[in-house]
Amino acid sequence: MKHTTKPKALLFYVAFFLFTALVSCTKEKYDFGKFASNQWDPEFAVAIVNGSMKITDFNLTASNGFVQTNSDSSMSIVVNGHLSTFKTSDFIPSFTSAGDVTSRSLSPDEKAAYNLIPVGVKDSFRLVAPQTVNLAAQSASQMDIDSIKLKTGIVSITIQNQFNNACLLYIKFPTVKNIPTTLVNIPANGSVTKDIDVSKQMLDLTNGGTTTNTLGIVDSIILVKASPDNGNGKLVFSGVMKNPQLDVLYGDVHQQDFFNTQSKDISLDIFKSPQPTGTLRLNNASIKLLCSSSFGVPLSFTITSVKGANGTNPPFFLNAAGIAPFVIPGGYNTTVFNSLTLDKDNPPTNGQLLNLPDFLSKFPTTFYPQFIALSNPGPKNVHNKNIIHDTSSGNVDALITIPLDFTVSNFAIKDTFDYKFTNIDNIKSIIIRTWFNNGFPISVRGSLVFTDKSFNKIFAFDTTQLKIAPGITDPVSGKVIAKTPNLLDFPLDSTVIPNLSKVAKVIFTGSISSPSDNKGGNLNSKIYSFEGIDIKIGARAKLKI
């Protein structure tokens, strides 16, 4: 028999698995027309099911996980989850630019030399004026940019000429190789703004020295003495970078919060509806945080909080303070990876802050990690050589592995599904006999309540009838070494048969326990792919004649 079902609760399957042949093997209905016979024998038996089932007969899939068979044939539920993606635009949302407003007037010696020049000389007087444009990355705190290449960028320079004669201005970027000198003609007492495209150019912001965030400009000036002038004017310079779009940045990001965020929540479908109750202790479960980064910046990840939620119950927390930070080195022209594994030993319990087994035993349907990534986690008094591309990014993912290796006691679950009986007119009474040869290391008690569409009870098989003893396990390995037979009879007499046509729903309630250790507790249970249950279901019916 092969079934496909959507995961609901970790052990719901195992419980429902043992009873599913009573109903689901009949494809959500049972046709009593099978009892129609050409014989006049008013009492006879019919075989309904004769087969076996293993946990692998169910295709347990979920939107974010799957069930895997491990190398030792044990079974695990694996859940994948994406927690966070961080990009350059998250860390550097924009750039700001400001130009130092500078002015250039003639010194007394220059003024004296200027006044000696006759009016009308073409190249009247030459002088030089330095100018700077600042470019700052708006990260969480200031960074020092040594050089930067922009996808797009315009250096916009405004020059006010306060001399009584015109001047020629040659604008040059000494540390940028591929930008030609720009000539600007400024009339007497006039003002000119010149935009110079620096897109796709590598801009040295150190000016060949140790400064940062500053683009140096040299203005060569020719004052044209077309009329008498005593040289008392000046030139006023200002400039900004317009529309800077990052391509690649080199510099020192310093030590700061690269990002500080609550990640996306991860949904654990295995603990979702129907909500389980009881005691469940999972062994050897783990959560591996997988981090990748293509930033040329070393990052130290610190988990600040891990909150679990389960319906309307109060939230609960993993002991995040007991989790040591872990570092991803800078990904210089490549993507680098690192991971951190949380398990039964990491972190330890600290009061109300839980270790991982205690955290999972509260059946979190979702959990929310929060973490900080600190850049350059080494010494603070060094100049870090960081690289950030506009395409740099990082990801934090989670891989949750939950082996079907547990201790469970009175783990109760409940579910409701549609069901109906057909062709019952010729049936007087019936006994359904089931034989379960249980090869799973758990015991199950349960009930099936058959109701009409308004959930009014028609009849039920209760916990005194639905009892399945566990297979016999090896106390060391936990493997089942012998199956346990269970014979169950379910009579439907003449008071029940007429109402079977009203059945529309079945309410299933089950309670699961590991085998007793004979000391008031329970032994460990572990599910293997080769374990299963043999099932025989038959019916003995009396027909109306």
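A residue counts as buried when its relative accessible area is under 20%, as exposed when that area is over 50%, and as partly exposed in between, with a 1.4 Å probe and protein chains only. The model on your screen is predicted, so local features need a pLDDT of at least 70 and side-chain atom pairs count only at pLDDT 80 or more, whereas totals for chains, interfaces and linings use all residues. Residues are numbered from 1 along each chain as its sequence is written, and side-chain values use heavy atoms, with hydrogens and water left out.

**First stop: Asp195 and Lys242**

Select Asp195, which is partly exposed at a relative accessible area of 41%, and then Lys242, which is also partly exposed, at 37%. Their side chains meet in a salt bridge, with 3.3 Å from N to O; the term stands for a side-chain nitrogen of Lys or Arg within 4 Å of a carboxyl oxygen of Asp or Glu. This pair links distant parts of the chain, since Asp195 sits in strand β13 (residues 191-197) and Lys242 in strand β16 (residues 234-252), 47 residues apart. Helices (H or I, at least four residues) and strands (E, at least two) are DSSP runs, numbered from the N terminus. By the salt-bridge rule the count comes to 10.

**Second stop: Arg281 and Asp358**

Move to Arg281, which forms a salt bridge with Asp358, their closest N and O atoms being 2.1 Å apart. Because Arg281 lies in strand β19 (residues 277-282) and Asp358 in helix α4 (residues 356-360), the pair ties together parts that are 77 residues apart in sequence. Arg281 is partly exposed at 32%, and Asp358 is partly exposed at 22%.

Next, select Asp489 and Arg433, a salt bridge whose closest N and O atoms are 2.7 Å apart. Asp489 belongs to strand β36 (residues 484-492) and Arg433 to strand β31 (residues 427-438), so this pair ties together parts 56 residues apart in sequence. Asp489 has a relative accessible area of 33% and Arg433 one of 44%.

**Last stop: an open sheet**

Finally, colour the 5 strands that form an open antiparallel sheet in the order β7-β9-β15-β11-β12, where two strands pair if DSSP finds at least two bridges between them. At the edges are β7 (95-99) and β12 (182-186), each of which pairs on one side only. Within the sheet, β11 (residues 167-172) and β15 (residues 214-223) pair in the antiparallel sense over 6 bridges, and here Lys172 stands opposite Val218 in β15.
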